[in-house]
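Please read this report alongside the sequence and the structure shown below.

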Amino acid sequence: MSDIILSATNIVKSYSVKSKKIGKREQVQAVSGVSIDVHRGETLGIVGESGCGKSTLARCLVQLLAATSGSVSFNGTIITGLSRKKLRKHRREMQLIFQDPYASLNPRKRVGDIVAEPLRIHGYGNNEKINARVRELFALVGLDVNGLQRYPHEFSGGQRQRIGIARALALNPQLIVADEPVSALDVSIQAQVLNLLKDLQEKLKLTYIFISHDLGVVRHVSTRVGVMYLGELVELGDADSLYDQPLHPYTEALLSVAPELDDGTQSTRNRIVLSGDVPDPSQKPTGCAFHPRCPYATEKCASDKPAFVAVSPSRSVACHYPRT
């Protein structure tokens, strides 16, 4: 079996939005030509500022959104462009954990029925078999099976996210996309949910794509990390080397303001304050999209778009002058 469970090539996702000109519309690229492989059993973290396209990319990878162009293969099968009927069998293998445990659960349904829903949709078996599976899932995520008949509002935020995790695990998926799964939770609860996800990964041999803007959380859970800016992947590498020595100026700036664990050591990073704001995606700068805010930019950065290239077996970057 191939080491690569999912492979994406030149993924582009565009939206039609109202132009500033009356009566006109224009195309805005939320994701701009991203290519990435996800290795079986790893946790691939995707980080970046809000609006950088990380959640849109993740939804394109699992075909919740149809990409404007590009292709995605899952377990060696190209799944872009498949009909709903043909895509259905792959849906069992790719599931999502959503950001907001308050909004992602139907308030009118009992939580046992919420977790059972994917099992019923995919014809898992009779009611007795489905109910047994739901009880098994509740125990797996650390919930009391006596709460199956309760409604979502009767649970805390952390418990609701566990219900969402149980629902995602119902069909024994191979790949799970966790889209900001702890950002809506209290800090005291975040560690519990993250540890649960890590334990489940080891127990069930899962592969994760972990979306977050929290660099500390991503480092804690990820095997590799991809950094996005204005819809583009600007750096990709194994988590430790990327955090210890960022190559792209944007990654360097993000890490310079990220909180670090208080281990009694002195931080060696100088805070980098970027000039200006993130550009309007409908008016993306020429050349390198980051050049208007980059402290190291030259005329070449403004005119020539850098290629996303491998600089070592485990590191890739899109920068004319990568940091060393």
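## A buried strand

From strand S7, the residues Leu 175, Val 177 and Asp 179 point one way while Ile 176 and Ala 178 point the other way, and all of them are buried; buried here means under 20% relative accessible area, exposed means over 50%, and partly exposed covers what lies in between, with a 1.4 Å probe and protein chains only. Because 5 of the 5 residues of S7 (residues 175–179) are buried, this strand is largely enclosed by the rest of the structure. Helices (H or I, at least four residues) and strands (E, at least two) are DSSP runs, numbered from the N terminus.

The model is a predicted one, in which local features need pLDDT of at least 70 and side-chain atom pairs count only at pLDDT 80 or more, whereas totals for chains, interfaces and linings use all residues. Residues are numbered from 1 along each chain as its sequence is written, and side-chain values use heavy atoms, with hydrogens and water left out.

## Strand partners

S7 pairs with strand S6 (residues 94–97) in the parallel sense over 4 bridges, where two strands count as paired if DSSP finds at least two bridges between them. S7 also pairs with strand S8 (residues 207–211), again in the parallel sense, over 5 bridges.

## Two packed helices

Helix H3 (residues 111–121) and helix H5 (residues 157–169) pack with their axes 7 Å apart and at an angle of about 25 degrees; axes are lines fitted to C-alpha atoms, for helices over the stretch in contact, and angles run from 0 to 180 degrees between N-to-C directions. H3 is therefore roughly parallel to H5, a label given to angles under 35 degrees, with over 145 counted as roughly antiparallel, 65 to 115 as roughly perpendicular and the rest as oblique.

## Salt bridges

Across the whole structure, a search finds 11 salt bridges, each being a side-chain nitrogen of Lys or Arg within 4 Å of a carboxyl oxygen of Asp or Glu. One of them joins the side chains of Glu 136 and Arg 133 at 3.1 Å, N to O, and both residues lie in helix H4 (residues 127–140), 3 residues apart, or about one turn of the helix. Within this pair, Glu 136 is partly exposed at 48% relative accessibility, whereas Arg 133 is buried at 7%.

Asp 244 and Arg 219 also meet through their side chains in a salt bridge of 3.1 Å, N to O. Asp 244 lies in helix H8 (residues 239–244) and Arg 219 in helix H7 (residues 215–221), so the pair ties together parts that are 25 residues apart in sequence. Asp 244 is exposed, at 56% relative accessibility, while Arg 219 is partly exposed at 34%. A network of salt bridges links Arg 219, Asp 240 and Asp 244.

Lys 284 forms a salt bridge with Glu 232, their closest N and O atoms being 3.8 Å apart. This pair links distant parts of the chain, 52 residues apart, with Lys 284 in the loop between helix H9 (249–256) and helix H10 (299–303) and Glu 232 in strand S10 (residues 232–238). Lys 284 is partly exposed at 24% relative accessibility, and Glu 232 is buried at 13%.
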